Amino acid sequence: MSNKEHDVSRRQFLNYTLMGVGGFMAATMVAPMARFAIDPLLQKKEGTEMIYVMDVKDITTEPQNKKFTVKKVDGWHKFDEQNIAYIFKKKNGDILALSPTCTHLGCTVAWNDDPAHPNQFHCPCHGGRYTKTGINIPGTPPPAPLGVYKTQVKDGKLYLGEVQSRGGA
Amino acid sequence: MLQKLYDWVDERLDITPLWRDVADHEVPEHVNPAYHFSAFVYCFGGLTFFTIVIQILSGMFLTMYYVPDINNAWDSVYYLQNQVAYGVIVRGMHHWGASVTIVMVFLHTLRVFFTGAYKKPRELNWIVGVLLFFVILGLGFTGYLLPWDMKALFATKVGLDIAASFPFIGDWIKVLLQGSDIVGAQTLARFFAIHVFFLPAALLGLLAAHFLMIRRQGISGPL
Amino acid sequence: MHRGKGMKFVGDSRVPVKSRKFIPPKDYSEYPGKTEAFLPNFLLKEWMVGAVFLVGFMILTIADPAPLEKEADPTSSGYIPLPDWYFLFLYQLLKYPAASGQYKVIGTVLIPGLAAVALLAAPWLDRGLERRPIKRPIATLIMLLTFVSMIYLTWESTVSHNWEQAEQQGKIVQTVDFDKSDPGYKLFSQNCSSCHGENLEGAVGPSLIGKNLDPAMVKKMATQGGGQMPAGVFKGSDKDLDALAKFVSDVSKK
């Protein structure tokens, strides 16, 4: 009886050692590869530089569609990204630069092109609508207001940075 | 929990005999390095398999970044080696693993040859083994081109010229391998396909045959 | 198809009752010494060997990063390629007169082909039942000779290879972006680029990229020379010299 018990524990011991050695080998092999694979999650985001878009004196209270290019690096691929901003002055004089990307499913919205709903941003894909300041109109598909570009005014020139989300509502 | 799951599957598929055959087979003393240190020569086969596992794993991960295209191949390799965390190690494992696999295959072949283990009734397994050796050399040759650096391009040109010197059908072989009349975009795409799909498929098939035959015939006896 | 006699069913498959010709493997109890179960006893020993091997392998990987030369440039000439080490013996073989020129096919097809066929056919070329290498001298001798000649050829190919040149020819060259419409660049391409390269990357003369050159230093080198560079390379006005020095200095600091 005791002999048999001894036998079992020896076998178990061997099995545990086997699992240990196997685990060590698997971990040594896979650890660098796993870190390699999840690298996109851990890459540090570089802040986008501020891009000159237009002069402050040209900004009106009517949203203007302005295109500007941002230099982007995607791994080994470097390219110029075309960005669009709707830029206007609010009533209190603050400059607002809206991103035209619909918060519903990412289509591009247009300003004041729907005769039924004047002075609104309108999304052609699913009929989403936003007010002039980019607030989504309840009852239409978008779940959140349009994003706004970070703005900076220097020497009478307007610079835009990255898009900041204004959360869900 | 695990035991219950196992029992559930076993009740339906009777899997116990499948793995018991592998797990319980007896390993004779003459191949066991714990009893005779010189028996370490019998490890080369297992180590070859181990390095192949390393090659398959690291290769799978490398293709997460690598692109087989002459405009981007080198840039993607440079990026994964210098910008991606542990890229230098993962690529290093694949690069050095290739050499180590060839060393191990070589030693394994020599061991089998000098212990006369290829003799009747194991002729078939020897043939499969030699074919595996050729497939591995082919993997080494096609993998050399993929980083698309100077050495890759020019060594492949030489390799393809060697293929072209084959009597009568040499030029066909060359065009078939390079996919074009120059070593370029189509060659890279073709070598990628051969390196990543065709040869590994052959490798896995032959390996399965190799192992099945070993289980069927057992290890050859002591000298 | 065999039916009935001589067949039996295993599940729903029909298999012969016994295959009379199959050579069954030896029962290991006939072998001298101790045998042990594959799992877990023997596998544990194999995995320990594997773990030691893996540690060595990872050290090699970390200590010596995989090489990467500069991007392939099919138009470049004069590059001397070298195959991976396991093809070096073949590479060397092709250098000998008896296996090159009009006899090239001997070195590229005949010898490797014969070796491959002989290897495949080894069980039929060496049919004796004796397994000990010393008892089958011909097979052993042929294999040893092949092995030694492969090592010799590999060795020969490495000693005759110019490793320094090989390292130079594949080096990754750093390049920087600069404005080619800069007046300084025009002066540079007139006076300097034949030695220092179109992009300052170096050719006969050294690369100027990343050298952090001082304008005064550039002026001095361009007029008085120094090191390998002869004096009086720059021919032009002092104003041009200033523009050139500024341009080179700026690019070298990028």
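**Hairpins, helices and annotated spans**

Guide: This is a predicted model. In chain A, the hairpin of S2(A) and S3(A) has two residues between the strands, and A:Gly75 there takes a positive phi near 60°.

Visitor: How many bridges join S2 and S3 of chain A?

Guide: Strand S2 (residues 64–74) and strand S3 (residues 77–89) of chain A are joined by 11 bridges and run antiparallel. Within S3(A), A:Lys78 is the residue opposite A:Val73.

Visitor: And which strand does S3(A) join through four bridges?

Guide: That is strand S4 (residues 95–98) of chain A, again in an antiparallel arrangement. A:Ala97 in S4(A) stands opposite A:Ile87. The hairpin of S3(A) and S4(A) has five residues between the strands, and A:Gly93 in this hairpin has a positive phi near 95°.

Visitor: Which residue other than glycine has a positive phi?

Guide: A:Asp155 does, with phi near 50°. A:Asp155 sits in the loop between strand S8 (148–154) and strand S9 (157–164) of chain A.

Visitor: What is the strand order in the open sheet of three strands in chain A?

Guide: The order is S5-S6-S7, with antiparallel pairing. Strand S5 (110–111) and strand S7 (129–130) of chain A each have a single partner strand and stand at the edges, so one side of each lacks a neighbour in the sheet.

Visitor: Over how many bridges do S5(A) and S6 pair?

Guide: S5(A) pairs with strand S6 (residues 121–122) of chain A over two bridges, in the antiparallel sense. A:Phe121 in S6(A) is the bridge partner of A:Trp111.

Visitor: Stepping back, how is chain A divided into domains?

Guide: Chain A has domain 1 (3–42) and domain 2 (51–164). The C-alpha centres of these two domains of chain A are 54 Å apart. UniProt, in an unreviewed entry, places a "transmembrane region" at residues 16–38 of chain A. That span of chain A is 96% helix and 0% strand, with its end C-alpha atoms 30 Å apart.

Visitor: On to chain B. What is its secondary structure?

Guide: Chain B has nine helices and one strand. From the N terminus on, its elements run α-α-β-α-α-α-α-α-α-α. The C-alpha trace of chain B spans about 55 × 50 × 35 Å along its principal axes.

Visitor: Where does UniProt list "transmembrane region" in chain B?

Guide: The unreviewed entry lists residues 39–67, 96–114, 126–146 and 192–214 of chain B. Residues 96–114 of chain B are 100% helix and 0% strand, and the end C-alpha atoms lie 27 Å apart. For residues 126–146 of chain B, the values are 95% helix and 0% strand, with 31 Å between the end C-alpha atoms.

Visitor: At what angle do H8 and H9 of chain B pack?

Guide: Helix H8 (residues 170–178) and helix H9 (residues 185–217) of chain B pack at about 85°, and their axes are 7 Å apart. H8(B) is therefore roughly perpendicular to H9(B).

Visitor: Which residues in H8(B) and H9(B) meet?

Guide: From H8(B), B:Leu176, B:Leu177 and B:Gln178 meet B:Gln186, B:Thr187, B:Arg190, B:Phe191 and B:Ile194 of H9(B). The residues of this contact between H8(B) and H9(B) comprise four nonpolar, three polar and one charged.

Visitor: Which peptide bonds are cis?

Guide: The bond from B:Lys120 to B:Pro121 is cis, with omega near 10°. B:Pro121 lies in the loop between helix H5 (87–114) and helix H6 (123–145) of chain B. In chain C, the bond from C:Leu39 to C:Pro40 is cis, with omega near 0°. C:Pro40 is located in helix H1 (residues 38–63) of chain C.

Note on methods:
Residues numbered from 1 in each chain as written. Chains lettered and ligands numbered in written order. Predicted model: local features only at pLDDT ≥ 70, side-chain atom pairs only at ≥ 80, totals over all residues. Heavy atoms only, no water. Pairing = 2+ DSSP bridges. Axes fitted to C-alpha atoms, helices over the stretch in contact; angles between N-to-C directions. Parallel < 35°, antiparallel > 145°, perpendicular 65-115°, else oblique. Contact = heavy atoms within 4.5 Å. Nonpolar A, V, L, I, M, F, W, Y, C, P; charged D, E, K, R; others polar. UniProt positions renumbered as here; feature names shortened; annotations may be inferred. Domains from an automatic or database assignment.
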